[in-house]
Every structure is written in structure tokens, then in C-alpha cells.
Amino acid sequence: MLTAKAVAHSNIALCKYWGKRHGAAAELNLPATSSLSLTLDALWTETEVGPAIEGQDSFVLDGTEHHDDAARKVFAHLDRLYRLASGAPRPPCRVRSVNHLPTAAGLASSASGFAALTVAAAAAFGVAVDRTGLSSLARMGSGSAARSLWGGFVRLDRGIRPDGSDCVARPLLPPEHWDLRLVVVQTTAAKKPIGSTAGMERSRTTSPYYNAWIETSESDLDGAERALADRDLPALGRIVEHSCFKMHACMLASDPAILYWNGTTVEVVREVIALRSRGLRGYVTIDAGPHVKVLCMAADAEPLARNLRDVPGVIATQVCAPGPDAHSEVLA
Ligand code: PMV
């Protein structure tokens, strides 16, 4: 085994993934909806994978050693990757990871985290697959991670084949296609109440809106792809907000309800709508957490961020531009 380092940038879904394909092998982690994302330059994870120094697995995240569920997920993912490179049992590994993300919870660290882990481990173990193959492996760690292999605008198709072979991500347009920005508005430093896997399962089994959410999601992607190609922000923004609010309606209709928002989340959404009517064109999206992300043109990003920072309860804002591909480097 070699030691390798990888960098993967986070991504935010403009058309959301919420729900796993029912009846498929859990290990494959196949999404029930296709999704379309923007990779972000300012948020990324750097991960190094190499042989263990003290003969046992260790996972250090942001300088702290972890022995929790997060660590177990990391080592299970390494097992999966090592099986592809060699039939032999995996030797103990040392994993060191640094999140260059704001400290608040719920900012898509699983996307950049599992993408960086996959790319670093594949280089360290000598797994000979192309970027598409790496993306499918990253998906097994976290669905959103499949999209972080590429920069710019990325589509992950849900596919229909039982073996998941047509559930693949692909780059749609490079970062330089369109000078958009995403303003990340943090509304709390608290941890989210329910993880995405458990939340998706609760929505599937209890939300009366779940089927409608799944059935209507594909046409959102096609519309978003057209708006992207045409660089039509109002058309894209309308679809982005519709996809987001449909997903949250499905979550809210789960039993018990899944409510990721706090009061500040709502105030920020209202302010974005108010600013829009005054000519600052921003469009909101919200993931499985209380933070709001606002899609806009580069020229509007700073004025939007300044206004949103003044909403009571907002902790910080960060302006992100379209980011690059994930990459790795063998160190030794
Ligand atoms: O793949 P996960 O477990 O990070 O789930 C991602 C779910 C959402 O962030 C809500 C939507 C998405 O497509 O990223």
C-alpha cells in the first residue's frame, strides 16, 4: 500500500436527491431520484490514506481521532475499495482528513469527505478504475459524494438497472461555463436532528408526498439542464426553488415530521424573496440542515451576502464560485 492524498470539493444539489431505491442492495446506495449539482471552490476536504503506523486503523478528522460511527463508515468504505484492488484482507490504515468547510454542521461534508476518501484510497491501494468508476464507489459511501468527482455542473442519473450499473454521475458543464455564485448562509452551529439516510427512509415509509416527489423530480432535471445550457438564471432559479421546497414538503409530511429549518432559515428565505423584488436576483436551496444557499450571478453575490448577514440569527455568510475536479497525488 502507498500513501496518497486527495482533495475533493463539496457540491450543492440544484435538483435534489432524497430517497433511496427500494428493493436494491443497500450496499449499492442507489438514489430514487436523479440529481444535478454545482461543485464549490471554497468548500473542500483534504484526505490522506496510508499504512497504519501503530498496527491498527486510525481516523483523524480535523486533528481529533474518532472511534464513532463516522470512523466505522470510513473503515467500511476502505474495506470496499481494498476488495477491488486485492483479494487479501485489508491491512490497517491511517486516515487523516481536514474539512475546509465552515465549522457549523450540515454543510455537505459527506459529499467532499467521501469523494476525497475514495480518491485517496483508490490511489493508495492501486484501484484501477476511471473517474466514473470512482464516482460510483464514492456513491456507496454517500450519495451526494458521487457528484464531487467533477467540477462545475454535474448530473447523477438514478438509473433503472437492478445492478446499479446505469446509476452514474457525469459532468454536464465545466466551471467556466457560467460565472454563478452560491452564497452559503449559516443559521446555526448546532448539529442536525436526523441524518439523511434515516430521514430518507422515514420519508419513504411514511410521507404521503413521497411518490409525488419521486415522480416529478426527473422533469426538474431536464428543465434545469436546459436553463443551464441557456445561462437563464430566472428559469434555473425557479426550478432550484421548486425542487428544494418539494423535497422539504415531502420531509415535513413524514411521520414524525422531519423539520430541518430553524426560524432564521425562514427569515433568510423571506429576505431573499424580498431582495429579489428589489432587483437582487437570488434563488434559495436548502439541504438536510438549517442553512440556506443562495444561487446568483457573480455581481449580485456580495450585495446579497451583505444584506443576508444582517438577518437576525445569521452566523456567517460565504460566497462560493464553481469549483474544480477532485484529484489525488501519491506521496510515498
Ligand atoms: O448523500 P447524502 O447522505 O449526503 O444525502 C444528500 C441529501 C441532500 O443533501 C438533502 C440532497 C442532495 O442531493 O445533496
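These legends walk you through several close-up views of a predicted model.

**View 1. Helices H2 and H3 cross each other.** Two packed helices are described by the angle between their axes and the distance between the axes. Here, the axes of helix H2 (residues 109–125) and helix H3 (residues 131–141) come within 9 Å and cross at roughly 125°. H2 and H3 are therefore oblique to each other, and their crossing is right-handed. To find the contact, look for Phe114, Ala115, Thr118, Val119 and Ala122 on the H2 side; on the H3 side they meet Leu134, Leu137, Ala138 and Gly141. What kinds of residues make up the contact of H2 with H3? Seven are nonpolar, two are polar and none is charged.

**View 2. Trp18 and Tyr260 form an aromatic pair.** A pair of aromatic rings is described by the distance of the centres and the angle of the planes. A search of the whole structure finds three aromatic pairs, and one of them is Trp18 with Tyr260. Their rings sit edge-to-face, 6.3 Å centre to centre with 85° between the planes. This pair links distant parts of the chain, with the two residues 242 residues apart. Trp18 belongs to the loop between strand S1 (4–15) and strand S2 (35–51), while Tyr260 belongs to the loop between helix H6 (233–252) and helix H7 (263–277).

**View 3. Phe245 and Trp261 make an edge-to-face pair.** The ring centres of Phe245 and Trp261 are 6.1 Å apart and the planes lie at 70°, so the pair is edge-to-face. Phe245 is in helix H6 and Trp261 is in the loop between H6 and H7, 16 residues apart. Phe245 counts as partly exposed because its relative accessibility is 30%. Trp261 is also partly exposed, with a relative accessible area of 24%.

**View 4. Asp255 and Pro256 are joined by a cis peptide bond.** Most residues other than glycine have a negative phi, and most peptide bonds are trans. Between Asp255 and Pro256, though, the bond is cis, with omega about -5°. You can find Pro256 in the loop between H6 and H7.

**View 5. Asp62 and Arg231 have positive phi values.** For Asp62, phi is near 50°. Asp62 lies in the loop between strand S3 (58–61) and strand S4 (64–65), and at 44% relative accessibility it counts as partly exposed. Arg231 is not a glycine either, yet its phi is about 50°. Look for Arg231 in the loop between helix H5 (210–230) and H6; its relative accessibility is 46%, so it counts as partly exposed.

Terms used:
Residues are numbered from 1 along each chain as its sequence is written. This is a predicted model: local features need pLDDT of at least 70, side-chain atom pairs count only at pLDDT 80 or more; totals for chains, interfaces and linings use all residues. Side-chain values use heavy atoms; hydrogens and water are left out. Axes are lines fitted to C-alpha atoms, for helices over the stretch in contact, and angles run from 0 to 180 degrees between N-to-C directions. Helices (H or I, at least four residues) and strands (E, at least two) are DSSP runs, numbered from the N terminus. Angles under 35 degrees count as roughly parallel, over 145 as roughly antiparallel, 65 to 115 as roughly perpendicular and the rest as oblique. A crossing is left-handed if the near helix is turned anticlockwise from the far one by less than a right angle, and right-handed if clockwise. Contact means heavy atoms within 4.5 Å. Ala, Val, Leu, Ile, Met, Phe, Trp, Tyr, Cys and Pro count as nonpolar, Asp, Glu, Lys and Arg as charged, and the others, Gly among them, as polar. Rings of Phe, Tyr and Trp (its six-membered ring) pair if their centres lie within 6.5 Å; planes under 30 degrees apart count as stacked, over 60 as edge-to-face and the rest as tilted. Buried means under 20% relative accessible area, exposed over 50%, partly exposed in between (1.4 Å probe, protein chains only).
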